[in-house]
Amino acid sequence: MDSPDMRRPAGITIIGVLASVAGIIYILQGIRILGFVVFGPGQAWSNVSATGWGTLIMGIVWLAVGGAFMSLKPWAWVFGVIAVGLSLIAAFWGKINGWQFGDLLVAMIVRLVILFYLNSEKVKAAFGLND
């Protein structure tokens with residue numbers, strides 16, 4: 001039987017690495033925000049504290065998702081499809097809130113390419129998702 005590295009599509013490796021990097025960045029940002037609460041003028045459990053904890057938790061989630069993509073966990077595929085769908089909605093709301101059409105077009109194209117890629121037969125087969 002093939003090892004996971006041998007059957008993992010290159011695009012999934014890229015998505016997994018990017019998700020892991022995003023997780024690390026979110027974790028560092030959350031720690032930085034919480035540092036201002038601990039050492040600065042912010043009050044514990046204030047909006048700054050909630051933002052710090054929320055950012056830290058999102059970092060842990062994205063780090064887990066990156067690892068799940070790398071190990072081809074089926075829930076990572078589901079998470080990826082949901083995340084792309086939500087980001088498509090967010091991009092649309094960005095247009096309503098003043099994004100330029102070019103920005104919206106680029107954002108939508110990138111997200112749609114990822115969505116189509118995740119739904120390709122090769123990628124779904126790698127995650128063990130059979131129709």
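This is a predicted model: local features need pLDDT of at least 70, side-chain atom pairs count only at pLDDT 80 or more; totals for chains, interfaces and linings use all residues.
Biologist: What makes the span of helix H5 close to the expected one?

Modeller: H5 covers residues 101-118, which is 18 residues, and its first and last C-alpha atoms are 26 Å apart. The expectation at 1.5 Å a residue is also 26 Å, and the span is accordingly described as close to it.

Biologist: Which residues of H5 are called buried, and why are they said to line one face of the helix?

Modeller: Leu104, Ala107 and Leu118 are the buried residues; the term requires under 20% relative accessible area. Viewed down the axis of H5, the buried residues lie within an arc of 70°, so they line one face.

Biologist: Which residues are exposed on the other side of H5?

Modeller: Phe101, Val106, Val113 and Phe116 are exposed there, a term that calls for over 50% relative accessible area.

Biologist: What makes the nonpolar surface patch, and what is its area?

Modeller: Val78, Ile82, Leu86, Ile89, Phe92, Trp93 and Ile96 form the patch, with an area of about 710 Å². Members of a patch need over 30% relative accessible area, and nonpolar side chains are joined within 5 Å. One of these residues, Trp93, belongs to helix H4, residues 74-96.

Biologist: What share of the accessible surface of the chain belongs to carbon and sulfur atoms?

Modeller: Of about 8400 Å², 74% belongs to those atoms. Of the 131 residues in the chain, 30% are buried.

Note on methods. Residues are numbered from 1 along each chain as its sequence is written. Side-chain values use heavy atoms; hydrogens and water are left out. Buried means under 20% relative accessible area, exposed over 50%, partly exposed in between (1.4 Å probe, protein chains only). Accessible areas come from the Shrake-Rupley method with a 1.4 Å probe; for residues, only the protein chains shown count as cover. Patches are made of residues with over 30% relative accessible area and no salt bridge: like charges are joined within 9 Å, nonpolar side chains (Val, Leu, Ile, Met, Phe, Trp, Tyr) within 5 Å. A salt bridge is a side-chain nitrogen of Lys or Arg within 4 Å of a carboxyl oxygen of Asp or Glu. Helices (H or I, at least four residues) and strands (E, at least two) are DSSP runs, numbered from the N terminus. The expected span of a helix is 1.5 Å times one less than its number of residues. The arc is that of the directions from the helix axis to the C-beta atoms.
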